[in-house]
Amino acid sequence: METRTIAVLGRSDRTAELMGRAIPEGWEWRVFEDLASIETDALCRAAGVFSLQKSMAEALPEKLLESETPVFLDAVCETTATLPDHRGIIRLNGWPGFLNRPLLELAAPEERRQPAERLLNEVAWAFRWVADEPGLVTARILAMVINEACMAVREGVSVPAEVDTAMRLGAAYPGGPFEWAARIGPERIVRLLGLLAEKDPLYTPCPGMLDILANKP
């Protein structure tokens with residue numbers, strides 16, 4: 001039986017999380033950690049490609065993008081309309097902490113979905129299509145929770161460690177908002193909130209949010 005390949009592009013700290021997912025017998029991972037290591041023929045032979053680094057996504061070969069091979073891009077903030085108009089590109093919630101969850105969160109126009117669904121069903125990965133909006137669903141909700149947590153700290157209601165404990169024990173979150181922010185990266189959170197705030201001021205980032213997240217006790 002011919003071995004089938006899933007190609008992954010990105011730094012080892014990002015690819016390791018995705019590769020924690022189980023794949024069936026007869027499948028293998030092929031990792032490209034930087035631009036110099038990319039092999040066009042290997043990418044084009046892959047059954048699917050996951051690009052977890054923006055600079056590498058911008059260097060994907062045209063031959064691959066013109067095919068129907070599903071190309072999953074870590075594109076939490078970008079909508080499909082802002083990405084290259086290629087038939088195989090699928091938006092993926094690729095934030096740290098979301099790549100090895102039970103359910104992959106995806107967005108794409110209806111006409112692009114079938115090849116991606118076929119691949120994911122073959123490797124037995126659960127997934128869900130969501131609205132093609134900035135933040136998808138989970139990232140948008142979590143960003144708002146982190147924003148509210150920063151507001152509480154700024155107003156002297158609590159401190160980060162206590163907020164994290166309250167959310168883990170009281171709301172059964174797998175991690176507190178400040179723990180999640182540290183894992184995801186504060187800049188990603190603030191960028192998403194800024195984009196969402198352009199249409200809804202409820203998402204306006206807490207004043208001094210980056211400082212609060214950087215200096216949490």
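In helix H7 (residues 160-170), Pro 160, Val 163 and Asp 164 are buried, where buried stands for under 20% relative accessible area, exposed for over 50% and partly exposed for values in between (1.4 Å probe, protein chains only). These three residues lie on the same side of H7 because they cover an arc of only 100° around the axis; the arc is that of the directions from the helix axis to the C-beta atoms. An α-helix has 3.6 residues a turn, so residues three or four places apart point the same way. The structure is a predicted model, in which local features need pLDDT of at least 70 and side-chain atom pairs count only at pLDDT 80 or more, while totals for chains, interfaces and linings use all residues. Residues are numbered from 1 along each chain as its sequence is written, and side-chain values use heavy atoms, with hydrogens and water left out. Helices (H or I, at least four residues) and strands (E, at least two) are DSSP runs, numbered from the N terminus.

The cover over the buried residues of H7 includes H6 and helix H8 (177-184), with contact taken as heavy atoms within 4.5 Å. On the face of H7 turned away from its buried side, Leu 169 and Gly 170 are exposed. H7 is followed by Ala 172, which has a positive phi near 60°.

The largest nonpolar core has 25 residues, of which Trp 95, Ile 146, Cys 150, Phe 178, Ile 189, Leu 192 and Met 209 touch the most other members. A nonpolar core is a set of buried Ala, Val, Leu, Ile, Met, Phe, Trp, Tyr and Cys residues joined through side-chain atoms within 4.5 Å. At least two residues of this core come from each of H6, H8, helix H9 (186-197) and helix H10 (209-214), and H6 gives the largest share, 7 residues. Another core, of 22 residues, lies apart from it and has Ile 6, Leu 52, Ala 116 and Trp 129 among its members. In soluble globular proteins, nonpolar side chains tend to be buried together.

Trp 95 is located in the loop between S5 and S6. With a relative accessible area of 3%, Trp 95 is buried. Neighbours within four places in sequence aside, Trp 95 is in contact with Arg 14, Asp 74, Val 76, Ala 139, Ile 184, Arg 188, Ile 189 and Leu 192. Between Trp 95 and Phe 72 the separation is 23 residues in sequence and 13 Å in space, C-alpha to C-alpha.

The sheet is open, with 7 strands in the order S2-S1-S3-S4-S5-S6-S7 and mixed pairing; two strands pair if DSSP finds at least two bridges between them. Strand S2 (27-32) and S7 are the edge strands, each pairing on one side only. On average, and with direction ignored, neighbouring strands of this sheet are turned by 30° against each other. Axes are lines fitted to C-alpha atoms, for helices over the stretch in contact, and angles run from 0 to 180 degrees between N-to-C directions.

S5 is covered on both faces: Ile 89 and Arg 91 on one side, and Ile 90 and Leu 92 on the other, are all buried. S4 and S5 are parallel and share 4 bridges, with Arg 91 in S5 as the bridge partner of Leu 73. S5 and S6 are antiparallel and share 2 bridges; here the bridge partner of Arg 91 is Ala 107 in S6.

Strand S6 (residues 103-107) runs parallel to S7 and is joined to it by 4 bridges. Arg 128 in S7 is the bridge partner of Glu 105, and Leu 103 stands opposite Ala 126 in S7. From S6 the chain crosses through H5 to S7 in a right-handed β-α-β crossover, meaning that, with the strands pointing away from the viewer, the path from the first strand over the helix to the second runs clockwise. H5 lies across strands including S6 and S7, and runs at about 160° to S7.

Ala 124 is exposed because its relative accessibility is 66%. Leu 136 is buried, with a relative accessible area of 0%.
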